[in-house]
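Please look over the sequence and the structure shown below before reading on.

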Amino acid sequence: MTAVFEGAVQDLIDELGRLPGVGPKSAQRMAFHLLAADPADVARLQEALQRVKEDVVFCRVCGTVSEKETCRICADPRRDPAVVCVVEEPKDVLAVERTREFRGRYHVLGGALDPLSGVGPDQLRIRELLTRIGSDEITEVIIATDPNTEGEATATYLVRMLRDFPGLSVTRLASGLPMGGDLEFADELTLGRALSGRRSV
């Protein structure tokens, strides 16, 4: 999209447009919203952006975002240290936490294997996971990577790396049909996964 505005306005639109999921029109709307906003609102946004860059770090244990060296989940003595759920991004931790079903701890990889984009095992926190399993009393690793090509490749790679640890149980999140969905509208891959992951009732 060619630049219509000039100077600071166009620079703001360009920067907002670089955010994930923000197209040119959304960036324009946001820019003009900020132009019309109360200066106090803009100042709060500036402060929040500044604080997130200065105060937020990655947990030294699991790799999720935190304001302390160790995040609140890793520091919580009520969490089961023997069970670790491996996810791609910090936002995935939030998704699992919302279920209120998991009482273990996490390990954030920082992405998924994607050779076409130059993301190999060395770009992810796989070495840190192996170190954790080798030194901690971890008995189960739940692989909760996304059910897409990159997530599946990452899961397959992790299974290969983890199978040599004695006494370690490696599981993968079940995937299949969404609640309230119709069977006729399910794609072949989803239906296939649901069939292969069926359980006794």
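Is H107 buried or exposed? H107 is buried, because its relative accessible area is 0%, where buried means under 20% relative accessible area, exposed means over 50%, and partly exposed lies in between (1.4 Å probe, protein chains only). This is a predicted model, in which local features need pLDDT of at least 70 and side-chain atom pairs count only at pLDDT 80 or more, while totals for chains, interfaces and linings use all residues. Residues are numbered from 1 along each chain as its sequence is written, and side-chain values use heavy atoms, with hydrogens and water left out.

H107 belongs to strand β4 (residues 105-108); helices (H or I, at least four residues) and strands (E, at least two) are DSSP runs, numbered from the N terminus. A polar atom of the H107 side chain lies 2.7 Å from the backbone oxygen of R125. Apart from residues up to four places away in sequence, H107 touches a set of residues that includes V61, C62, V84, C85, V86 and L129, contact being defined as heavy atoms within 4.5 Å.

With residues up to four places away in sequence not counted, I133 touches I138, V141, L162, F165 and L168.

Y106 is in turn one of the residues in contact with E97, together with I73, R79 and F102, once neighbours of E97 within four places in sequence are left aside. E97 has its place in helix α5 (residues 90-99), and its side chain makes a polar contact with the side chain of R79 at 2.7 Å. A polar contact is a pair of N or O atoms within 3.5 Å; within protein, one must be able to donate a hydrogen and the other to accept it, and residues adjacent in sequence count only if both atoms are side-chain atoms.

Charged pairs come next. Side chains of opposite charge can pair when their charged atoms come close. Across the whole structure, a search finds 10 salt bridges, each being a side-chain nitrogen of Lys or Arg within 4 Å of a carboxyl oxygen of Asp or Glu. One of them joins R51 and D55 (3.5 Å, N to O), which both lie in helix α3 (residues 39-55), 4 residues apart, about one turn of the helix. R51 counts as partly exposed because its relative accessible area is 41%, and D55 is likewise partly exposed, at 33% relative accessibility. R51, D55 and E67 are linked in a network of salt bridges. Another salt bridge pairs R60 with E69, their closest N and O atoms being 3.3 Å apart, and both of these residues are exposed. In the salt bridge between K91 and D92 (3.8 Å, N to O), K91 is exposed, at 57%, whereas D92 is buried, at 12%.
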